[in-house]
Amino acid sequence: MNFWNNVKMYDLTQNLSHLTPPWPTYEPLQVKFFKRLSPNGANGQLITTSNHVGTHLDGPLHFDTAGRDIASLPLEKLVGPGVVVDLSDISEDFSIYTPQDIMDRVEVKKGDILIINTGYHKYGWDQPEADERRYMLRHPGPSMDFVDWVKEMEIKWIGVDCGSADHPMNTKIRDWEPGEAKRCDEYMKEKYGKGLNEIYPWPEVYQAMHIKVFPKPHEIIHAENVGGQIDEILNKRVIVGCFPWKFEGGESAMCRIVAFEEQA
């Protein structure tokens, strides 16, 4: 296995802590010690959390009653050839990216894993420019033709460096944050010539990147809150691996995501 000497690894995982914000309304990570070196001779911790904190994989069961649990996902689904695309140059609050934006920057092949860098990982909780509201409520999201495109390309799974693979205003955040929805509507009318309800009409396309692609036969799931060294491996083809818990009955799971690049 001498080839391993020519492989460089990149950790695309966000740090995880009790300070890591969960997706809005989900339970945060809570940690406490139940043993300490003195007097117990060992440190031991208990954690309470939802599955949607930090870098995590949304499994098929998350949006499909008949979907597979995390433990049922084979390594061939989780690890394979893929591409990291940099869209940070066109990203701004509430902006929309398209399949063409991706294909203009990288070669995407059928069956790939697709990692999308919007640049919004810089607003992650552990970053110098941390801004939870921008990270969760205003990050870019996909156009509606993106849904059919990922099906045609038979994408294995998608990773995004922000709160959701859906546009935040195509989720319940639109109802929970009416002030942000108003700002988004004004932005979209100015930028795209259409309002929020025209671009993302409900209920037809509500949370499309979950509801319309998770169920079989497509089973195109996604990882959210990707980060780490993502800026070091932009617009490149690599091997990507997602390593969640082997969680029987799990609808989603926190995970480690790694890119493997062969060095010249």
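Threonine 25 counts as exposed because its relative accessibility is 65%, where exposed means over 50% relative accessible area, buried under 20% and partly exposed in between, using a 1.4 Å probe and protein chains only. This is a predicted model, in which local features need pLDDT of at least 70 and side-chain atom pairs count only at pLDDT 80 or more, while totals for chains, interfaces and linings use all residues. Residues are numbered from 1 along each chain as its sequence is written, and side-chain values use heavy atoms, with hydrogens and water left out.

Threonine 25 has a positive phi, near 80°, without being a glycine, and glutamate 154, also not a glycine, has a positive phi of about 50°. Most residues other than glycine have a negative phi, and most peptide bonds are trans. Glutamate 154 is partly exposed, because its relative accessible area is 49%.

On the peptide bonds, the one from tryptophan 202 to proline 203 is cis, with omega near 5°, and a cis bond also joins lysine 216 and proline 217, with omega about 10°.

Finally, is histidine 222 buried or exposed? Histidine 222 counts as buried, because its relative accessibility is 0%. Its side chain makes a polar contact (a pair of N or O atoms within 3.5 Å; within protein, one must be able to donate a hydrogen and the other to accept it, and residues adjacent in sequence count only if both atoms are side-chain atoms) with the side chain of histidine 210, at 3.1 Å, and the side chains of histidine 222 and glutamate 224 are joined by another of 3.0 Å.
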